[in-house]
Amino acid sequence: MLNFGRGLFGALAVLISQAALADVKIGFQAPLTGLAATDGKSSKIAAEIAIDDLNAAGGVLGQKFELVTYDDQAKSDQAIFTANKLVGDDGVKFAISGSYSAAGRAAAPIFQKAGVVFISSYGVHPDITKAGDYCFRLVRLGPPQGRAAAYFIADKLKLKKASVISMDNDYGEATLQGFLGDAEKNGIKVVNKYNYSLQDRQFGPIVAGVKRDDPEVIYATGYFFTAGPLVAQLRAGGVKAPIVGSQAFDSGKFIEIAGAAAEGVYVIDGFDRYRKDSKLEHFTAEFQKRAGYPPEGVAAEVYSSFDILADAMKRTGSLDPVKVRDTLAATKDFPMLNETLGGFNKLHEVVMPATVDVVKDGKFVHFSTIEDAKVLAPPEE
Amino acid sequence: MFYVDLAISGIVFGCMYALMAVGLTLVYGMLRILHIAHAAVFALGAYVTVLVANASGSILIGFIAALIATPLCGVAIYRLLYQPLLHYRPDVPMIASIGLLVLMQDGFRILFGEQGVTFLKNPLAIETVDIAGITLNLAQIAVLIVTIIIFLALHLFTTQTRIGVAWRATVSNPRIAASFGVDAIRVRYLNFAIGSALAGVAGGLIALLNNFVDPTIGYVVSYKALAIIVLGGLGSVRGTLIASLFLGVIESYGTIFIGSYLNRDAIAFLALILILMARPQGFTGARTA
């Protein structure tokens with residue numbers, strides 16, 4: 001009896017210790033230093049909140065989640081190194097990238113080859129999901145974002161004559177191609193195209209060009225650190241036409257930099273941050289507490305990446321990456337923080353409506369929602 | 001009007017480059033060091049201007065604070081980083097300088113945040129003046145006026161005062177100047193102080209124009225200012241001024257006419273390569289190392 005009891009106790013102890021040891025590791029890459037450190041910091045905080053929330057809700061299959069974070073500096077070489085480290089040293093079976101395209105694109109083939117389920121939270125380069133069937137993306141690709149902008153300008157704003165200002169990175173180029181491809185179809189005449197580098201903060205010549213174009217509307221891609229000065233300088237130069245910005249305008253810092261000039265700027269695929277939703281409200285409050293500033297689209301996308309992955313694990317009832325991958329691919333109508341995800345297409349690209357925000361009284365507020373499935377359709381190959 | 005608008009944009013770029021690059025070319029002329037960390041001094045000027053202006057409520061006080069902080073920083077860089085390394089090959093202090101730039105950039109990020117800082121109140125970037133159909137914002141006007149005043153003052157200083165003449169002599173030929181009894185060490189300190197103050201003012205002005213300072217603000221200027229001093233003929237102040245304005249205007253027109261193929265930085269470097277192919281000694285053909 002004593003032996004049996006001891007044996008049982010021993011077995012239990014082994015089980016408990018194994019459970020304690022075998023936390024589910026989620027590999028996480030984010031640009032904590034370097035040019036993209038702003039988004040990296042937001043990503044990391046969002047990831048930590050997600051892990052805390054998931055563990056507070058009981059983890060998955062009796063196990064807790066453990067976050068393994070590396071700095072990829074938003075650079076491809078560094079992302080390859082950290083992805084190999086996650087696969088080789090840490091032995092993760094699930095990974096999330098809270099980083100830019102260059103890094104996600106370099107890491108994706110490594111995770112694919114190792115059979116690691118990989119979600120890029122907001123990296124928009126098409127190659128990320130083309131790496132293979134283990135790779136997913138939770139943000140809309142550049143081309144449908146650009147198409148949505150063309151549709152919005154023609155259909156909602158009823159404007160026809162546009163100047164286009166684009167940043168010269170993967171995201172800017174891809175979004176621009178989507179816009180230009182659909183502009184003509186929507187009856188929009190593109191008077192002029194301008195291109196700028198991500199390091200640029202001085203747009204005098206572009207402002208002069210836009211003044212000469214005298215467009216009815218301006219479509220621009222950019223991050224807050226370029227979009228803020230760009231919008232301020234356009235308005236200071238006397239340009240009055242409405243400005244439609246790409247998703248990456250969506251940052252409180254954009255409004256801070258552009259000040260009054262930000263008023264009335266539309267943001268395609270913005271983050272509807274004041275929506276009544278208990279999960280969103282909890283996240284916003286927690287993020288504000290930890291970061292000292294309110295969350296942005298990037299943070300919401302990273303949080304939802306963890307959420308949707310954990311949901312797939314629970315529905316699978318197993319931590320086998322192959323099974324989790326298939327369950328994740330079949331996800332339908334999942335409530336993310338920014339939008340309800342309709343599902344993934346064949347390439348594991350998101351199918352979901354697009355929110356358009358407008359800046360009003362120094363805040364991003366919901367303006368309209370684009371639901372046209374054809375406009376928003378992600379590429380199938 | 002369009003072409004005038006473009007020219008003004010270009011001249012504003014040129015003024016910023018000139019304020020940045022003159023300090024760099026002076027250090028090179030005197031010590032044969034490529035002072036890469038000058039870009040960090042520029043960033044420091046931008047940060048100090050914004051932070052002090054926000055704390056005091058006056059942009060002018062912000063500029064005065066930058067004018068105090070940046071020369072101190074420049075002199076400290078000379079004394080603590082370059083002076084101990086002067087007897088090594090010139091690439092040794094240059095590498096140390098790159099290291100300092102990276103360190104200071106990350107320092108700004110850690111101290112003042114990844115998201116950068118903005119003026120709480122910056123009417124200069126918003127308010128505009130119409131002069132004969134040309135719209136200029138007050139920040140652009142401030143850049144033009146401040147740059148003209150600074151270079152006039154610098155000209156008077158280097159031609160009318162004893163220390164100024166000694167400085168000029170040392171930059172153009174350190175050995176002969178020393179043989180005439182010029183205190184080379186004192187002149188070096190002066191050199192770093194003035195060069196850094198110019199970069200500090202440039203930083204503050206850029207902050208005004210952009211209404212935004214982030215840790216990487218010095219990044220572009222660091223390599224573009226190097227290109228400008230090469231174009232100007234290393235060590236030549238006059239050449240640097242010409243090269244700055246030239247590059248600014250080329251960039252401005254280039255953005256419009258070839259801007260959908262190349263961005264502003266690419267245009268600048270393309271122009272640089274073409275000019276150096278034709279004139280390897282730069283605009284003024286001053287001595288090279």
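**A tyrosine, a sheet and its helices**

Reply: Let me begin with B:Tyr261, which is exposed because its relative accessible area is 67%, over the 50% cut-off for that word. Please keep in mind that this is a predicted model.

Me: Where in chain B is B:Tyr261 placed?

Reply: B:Tyr261 sits in the loop between helix 11 (237–257) and helix 12 (264–278) of chain B.

Me: And which residues make up the nonpolar surface patch with B:Tyr261?

Reply: Together with B:Tyr261, the residues B:Ile258, B:Leu270, B:Ile273, B:Leu274 and B:Met277 make a nonpolar surface patch of about 660 Å².

Me: OK, switching to chain A. What's the strand order in the open sheet?

Reply: The open sheet has 7 strands in the order 7-6-8-9-10-14-15, and the pairing is mixed. Strand 7 (189–196) and strand 15 of chain A are at the edges, where each has a single partner strand, so one side of each has no neighbour in the sheet. From one strand to the next, the twist averages 25 degrees.

Me: Which helices lie across strand 6, strand 7 and strand 8 of chain A?

Reply: Helix 7 (residues 170–183) of chain A lies across those strands and runs at about 160 degrees to strand 6, while helix 8 (residues 204–213) of chain A also lies across them, running at about 175 degrees to strand 7.

Me: What about strand 14 of chain A, is it mostly covered or mostly open?

Reply: Strand 14 (residues 354–360) of chain A is mostly covered, with 6 of its 7 residues buried. Strand 14 pairs with strand 10 (residues 266–268) of chain A in the antiparallel sense over 3 bridges, and in that pairing A:Asp357 is the bridge partner of A:Val267.

Me: And how many bridges join strand 14 to strand 15 of chain A?

Reply: There are 7 bridges between strand 14 and strand 15 (residues 363–370) of chain A, which run antiparallel, and A:Val358 has A:Val365 of strand 15 as its bridge partner. The hairpin of these two strands has 2 residues between them, and there A:Asp361 takes a positive phi near 50 degrees.

Definitions and conventions. Residues numbered from 1 in each chain as written. Chains lettered and ligands numbered in written order. Predicted model: local features only at pLDDT ≥ 70, side-chain atom pairs only at ≥ 80, totals over all residues. Heavy atoms only, no water. Buried < 20%, exposed > 50% of the residue type's maximum accessible area, 1.4 Å probe, protein only. Helix = DSSP H or I, 4+ residues; strand = E, 2+ residues; numbered from the N terminus. Pairing = 2+ DSSP bridges. Patch = residues over 30% accessible without salt bridge, like charges linked within 9 Å, V, L, I, M, F, W, Y side chains within 5 Å. Areas by Shrake-Rupley, 256 points an atom, 1.4 Å probe, with all protein chains shown as cover. Salt bridge = Lys/Arg side-chain N within 4 Å of Asp/Glu carboxyl O. Axes fitted to C-alpha atoms, helices over the stretch in contact; angles between N-to-C directions. Contact = heavy atoms within 4.5 Å.
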